[in-house]
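Colleague: I would like to go through this chain with you, from the overall picture down to single residues. Please show it first.

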Amino acid sequence: MRRRKTAVAAGCCLAFLLGTLLNLLFIPGSEHPPPPRQELTPSPPGAPLFPPEEEIGGVQAALARQIRERYEEVLRYRQHRAAAAGRRPLRPRERRLMDLAPPRTSAEQPGPRGRAAAGPWAGASAELSLEPPLLGCRDIRDVSGVQYLGSGYTKAVYKAVLNRTLAVALKAVDFGGHDIAHCVRQFSALGDCYRLAAYKIVKEMILLQRLRHANVLQLYGYCYQDSNDIPDTLTTITELGSPLEMIQLLQTSWEDRFRICLSLVRLLHYLAHSPLGSVTLLDFRPRQFVIVDGELKVTDLDDASVEESSCTSNSDCFMEFPARNFTLPCSVEGRCQSMNEKRNLYNAYRFFFTYLLPHSAPSSLRPLLDKIVNATGELHWGIDETAAQLERVLNLYKSGEYLQNATRVPKAEYRRVPEAYIPDENYRCWPSYHHKGCLLSVFDVNEAIEICDSYSQCKAFVLTNQTTWTGRQLVFFKMASNHIVPDPDKITYVKVTD
């Protein structure tokens, strides 16, 4: 009996030691986790190692159905082009995107066990082709300066330089992203999961070509190449922009912040009247936009939609936001009136207008800007009226009319020194175009004098030959005039009396 107890105790100790040893041998290290395609969905306790054939067919049919729905969505946007321009033959450099319709899976093949009916999408001959690209695979073979910029649920974005001259953005399906990882865990089919995700890029490519506007990112081209054991993976080549950083924008001049809001409103006005109909941005966040040469441009269109919500009563036209809810009227045609337009406009209000429009604006423009912010926040205006009012603000600002009602009696006298510049004697002000000095834009010399009078430390200012996007002149304000040097492109004004 004693020997049996000793043996049992020894066995337990041995099992514990073996378990500890195995844990030490196979403990996770600091390496990156394996790519999603190596992940398998764990089976529940008591489940067989392989599911029965009927379950495999059901899983395949579910994935095939999602691919078909995504394909048909892409095809609808493609047919908008066909309806407008008519069917045309393929040109030599054109490519049938995604190899036309999705191929039939084993669950959709005809036969006694094939329960999923093959719809017209299986073997469809409709073309998802785009216009001949300006750039292709040949252009991205010798890229340099490749830099990872970021990723979302579906895509990863990289910066690259082509031919050592042109900086572009490269977009591709992110094999480590949420969409691929979730699909592979659910279906264990990397190839089909890639196809499902890639259709979002195809949709975005078509929209980038259909929606030609100054505030829509330019599509330069695309390329197919084998990657990750997947044939014909798709990479798009687009215009490169700078990420939109709201904290940095809040530190810029009001003029630049107004430009961002004006760019956005011009974009939303175009989307409301686009060739595809009213387009709404379902994923409306600052990260979906970039800045190119000071202009705001939308870069992410894979979640855009032209579908207007159907309704039978006003209660069906309910829009819910974190801070406000709205109910729009239901039209006699059974569609919610202007829902796509109003959704875009309210998102513009809550993400952009409230932060960028009123703060540090010229005092005479603030009543009109407050009216714009309040009207869009309550959805009292549509995009047409909002765009007209912002264009009015632009005209008042560029023409100097906003200064007419201001009292402009100089507090001091200034001596004009032509072809002269003060290199030092800087002080900081906010907001400024220069982080180490006070560089502001003015409509004319009188406004520069008014600004200098308003700063106690200002003793002089220098008119430069540089202008902003509105044509206003940039002026350096100085705290002294002890050292003046010749400069043929500048004019200095020195305060002689206080």
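Modeller: Here are some questions and answers on this predicted model.

Colleague: How many helices and strands are in the protein chain, and what share of its residues counts as buried?

Modeller: The chain has 11 helices and 17 strands. Take contacts between residues at least 6 apart in sequence: 68% join residues at least 24 apart. Of the 498 residues, the buried share is 45%.

Colleague: At what angle do the axes of helix 4 and helix 5 cross?

Modeller: Two packed helices are described by the angle between their axes and the distance between the axes. For helix 4 (residues 178–187) and helix 5 (residues 190–210), the axes come within 9 Å. Helix 4 passes helix 5 in a right-handed crossing. The crossing angle is roughly 145°.

Colleague: Is K203 buried or exposed, and which side chain does its own side chain meet in a polar contact?

Modeller: K203 lies in helix 5. Its relative accessible area is 4%, so K203 is buried, the cut-off being under 20%. Beyond its neighbours within four places in sequence, K203 is in contact with E73, V74, Y77, L301, D302, D303 and A304. The polar contact, at 2.8 Å, is with the side chain of E73.

Colleague: What covers the buried residues of helix 10?

Modeller: Helix 10 (residues 383–399) has 17 residues and reaches 24 Å from first C-alpha to last, close to the 24 Å expected. Its buried residues are I383, T386, A387, Q389, L390, V393, L394, L396 and Y397. The cover includes helix 7, helix 8, helix 9 and strand 14.

Colleague: Which residue follows helix 10, and what is its phi?

Modeller: The residue after helix 10 is G400. Its phi is positive, near 80°.

Colleague: Which residues does I372 contact, leaving aside its neighbours within four places in sequence?

Modeller: I372 sits in helix 9. It is buried, because its relative accessible area is 0% and the cut-off is under 20%. P358 is 14 residues from I372 in sequence, and their C-alpha atoms are 9.6 Å apart. The contacts of I372 are L357, W381, T386, Q389, L390 and V393.

Note on methods. Residues numbered from 1 in each chain as written. Predicted model: local features only at pLDDT ≥ 70, side-chain atom pairs only at ≥ 80, totals over all residues. Heavy atoms only, no water. Axes fitted to C-alpha atoms, helices over the stretch in contact; angles between N-to-C directions. Helix = DSSP H or I, 4+ residues; strand = E, 2+ residues; numbered from the N terminus. Left-handed = near helix turned anticlockwise from the far one by under 90°. Buried < 20%, exposed > 50% of the residue type's maximum accessible area, 1.4 Å probe, protein only. Polar contact = N/O pair within 3.5 Å; in protein donor to acceptor, adjacent residues only side chain to side chain. Contact = heavy atoms within 4.5 Å. Expected span 1.5 Å × (residues − 1).
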